[in-house]
Amino acid sequence: MINVIGLGYIGLPTALMLASHGVEVIGTDYNEELVATLNAGKTTFKENGLDELFADALKSGIRFSTEYQVTDTYIISVPTPYDKFSKKVDACYIISAVKSVMQICPKGATVVIESTVSPGTIDKFIRPVIEENGFVIGEDINLVHAPERIIPGNMVHELLHNDRTIGADDKTVGEKIKALYASFCEGEIVVTDIRTAEMTKVVENTFRAVNIAFANELAKICRHDNMDVYEIIRICNMHPRVNILQPGPGVGGHCISVDPWFLVGDYPSLAKVIDESMKTNDGMPDFVLNRIYEIMQENGIKDTARVGLYGLTYKENVDDIRESPTLQLLESQARHLAAPLKVYDPFITEDAVENQYHDLDEFLSDTDLVVIMVKHNEIKENMDKLSEKIVLDCHNICDLPGVYHI
Ligand code: SAJ
């Protein structure tokens with residue numbers, strides 16, 4: 001039996017996937033409300049294909065509990081925030097989960113850490129916890145790092161098809177855990193050491209962050225001299241060895257806006273490009289805010305209360321608002337003491353911010369300038385409703401005449 005600990009955005013789909021492929025799974029989370037919701041037969045967030053996968057897993061007998069289970073394999077998938085000042089990983093949730101596992105696990109158990117951690121975290125924080133409990137790693141407890149790679153919005157498909165990395169001290173243990181993931185994963189699974197696995201995961205997200213920053217910097221350069229950044233990127237990308245990403249209003253989510261900071265925190269004098277890239281991405285919401293003020297002035301709009309932000313989530317077609325550019329922009333705007341901007345997002349049904357609307361038409365009727373912060377399918381399908389509005393399109397999805405860009 002596998003005890004999956006932490007039933008959030010990664011732990012839940014992983015637990016469901018294992019269960020629906022014939023593995024006996026108990027999912028554990030300390031959040032009683034979350035466990036009660038799952039036990040009532042409901043999923044806790046929206047994701048393509050998740051409800052169907054949940055139904056399959058329930059049929060296959062998955063169970064959910066707030067209790068840690070006595071078993072031989074644990075998969076730990078808890079959050080790893082970073083300290084905003086030191087930029088270093090905060091391993092407190094993993095440490096606490098491993099401590100709890102150590103209280104009940106039998107000798108011979110394998111502990112798999114799925115959470116993303118900065119390189120060296122397992123050596124520095126996790127091994128000592130296991131040893132303090134009287135276990136010898138490699139003899140009494142096997143330690144594995146199996147970072148996930150799935151993208152919100154396409155998690156179920158990517159869980160099945162992405163290649164994966166397994167880091168283990170011992171090849172045999174690595175192969176055993178590889179076989180477990182291979183129960184559902186059709187991609188190639190590489191077995192390596194723990195430090196390499198830690199580093200590859202962080203590097204993958206850093207690569208994307210740096211590339212997004214490059215696109216954002218191009219947007220700023222092009223804005224300065226009124227050039228069309230989208231057309232320039234489109235043409236450059238016709239070169240066989242150029243593949244520039246898209247500029248946007250900022251980078252959110254719990255991965256790309258967080259993981260690269262681990263490298264900056266640990267190697268401040270070496271991670272220069274990464275540091276600058278993260279600052280560029282973090283500066284985008286302010287850049288958009290300045291564009292809003294410019295456009296208001298150009299169009300004689302005096303009151304920020306007539307400006308509406310479309311989209312609150314960190315990217316399209318997900319219901320996750322962690323580190324979202326819209327939240328960052330609102331925080332920044334609040335310091336200007338102007339009237340609050342209006343906000344609407346079809347995926348956020350509960351009130352998350354001030355002046356939030358729950359109906360697209362109502363939102364639009366109270367707004368003169370609409371800022372497309374997130375390219376949800378809903379707005380793509382309702383573009384005609386923006387024809388009378390002044391539009392700042394941060395994603396180049398609107399082909400109405402006179403649209404402004406970042
Ligand atoms: N973004 C841009 N321009 C782009 C692409 C993205 O501004 O061209 C923005 C998005 O709008 C969003 C942010 O970047 O705000 C991040 O979105 P994303 O879709 O690039 O990635 P995440 O954070 O949802 O998922 C990433 C993925 N990592 C990579 O693609 C290297 C995923 O595979 C990881 O599993 C995930 O991080 C994670 O959990 O680490």
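Strands, like helices, are DSSP runs numbered from the N terminus; a strand (E) needs at least two residues and a helix (H or I) at least four. The model is a predicted one, in which local features need pLDDT of at least 70 and side-chain atom pairs count only at pLDDT 80 or more, while totals for chains, interfaces and linings use all residues. Residues are numbered from 1 along each chain as its sequence is written, and side-chain values use heavy atoms, with hydrogens and water left out.

Strand 9 (residues 307-310) and strand 10 (residues 342-344) run parallel and are joined by three bridges. Two strands count as paired if DSSP finds at least two bridges between them. Gly308 has Lys342 as its bridge partner in strand 10. The chain passes from strand 9 through helix 13 (residues 325-334) to strand 10, in a right-handed β-α-β crossover. Right-handed means that, with the strands pointing away from the viewer, the path from the first strand over the helix to the second runs clockwise.

Strand 9 also runs parallel to strand 12 (residues 369-372), with four bridges between them. Here Leu309 is partnered by Val371 of strand 12. Side chains leave strand 9 in two directions: Val307 and Leu309 point one way, Gly308 and Tyr310 the other, and all are buried. Buried stands for under 20% relative accessible area, exposed for over 50%, and partly exposed for values in between (1.4 Å probe, protein chains only).

These strands belong to an open sheet of six strands, ordered 11-10-9-12-13-14, with parallel pairing. Strand 11 (356-357) and strand 14 (404-405) stand at its edges; each has a single partner strand, so one side of each is left without a neighbour in the sheet.

Another open sheet has eight strands in the order 3-2-1-4-5-6-7-8, and its pairing is mixed. Its edges are strand 3 (63-65) and strand 8 (189-192), each with a single partner strand, so one side of each lacks a neighbour in the sheet. On average, neighbouring strands of this sheet are turned by 25° against each other, direction ignored. The angle is taken between axes, which are lines fitted to C-alpha atoms. Strands of a sheet pair through backbone hydrogen bonds, either parallel or antiparallel.

Strand 1 (residues 2-5) is covered on both faces. Ile2 and Val4 on one side are buried, as are Asn3 and Ile5 on the other. Strand 1 runs parallel to strand 2 (residues 25-28), and four bridges join them. Asn3 stands opposite Ile26 in strand 2. Together with helix 1 (residues 11-20), these two strands make a right-handed β-α-β unit. Strand 1 also pairs with strand 4 (residues 73-76) in the parallel sense, over four bridges. Val4 has Ile75 as its bridge partner in strand 4.

The loop between strand 3 and strand 4 holds Tyr68. Tyr68 is partly exposed, with a relative accessible area of 26%. Tyr68 and Leu38 lie 30 residues apart in sequence and 16 Å apart in space, C-alpha to C-alpha.

Strand 4 pairs with strand 5 in the parallel sense, over four bridges. Thr73 stands opposite Thr110 in strand 5. A right-handed β-α-β unit is made by strand 4, helix 4 (residues 92-104) and strand 5. Five of the five residues of strand 5 are buried, so this strand is largely enclosed by the rest of the structure. Ala109, Val111 and Ile113 point one way from strand 5, and Thr110 and Val112 point the other way.

Strand 5 (residues 109-113) runs parallel to strand 6 (residues 141-145), joined by five bridges. Ala109 is partnered by Ile141, and Val112 by Val144. Strand 5, helix 5 (residues 121-132) and strand 6 form a right-handed β-α-β unit.

The ligand is surrounded by 20 residues, the closest being Arg149, Lys201, Asn205, Arg208 and Tyr314. A residue counts here if one of its heavy atoms lies within 4 Å. Polar contacts are pairs of N or O atoms within 3.5 Å. A backbone N or O atom of Arg149 lies 2.7 Å from a ligand oxygen atom. For Ile150, a backbone N or O atom is likewise 2.7 Å from an oxygen atom of the ligand. An N or O atom in the Arg208 side chain lies 2.6 Å from an oxygen atom of the ligand. Taken alone, the ligand exposes 780 Å², and the protein buries 86% of that. Accessible areas come from the Shrake-Rupley method with a 1.4 Å probe.

How values were computed:
Axes fitted to C-alpha atoms, helices over the stretch in contact; angles between N-to-C directions. Polar contact = N/O pair within 3.5 Å; in protein donor to acceptor, adjacent residues only side chain to side chain.
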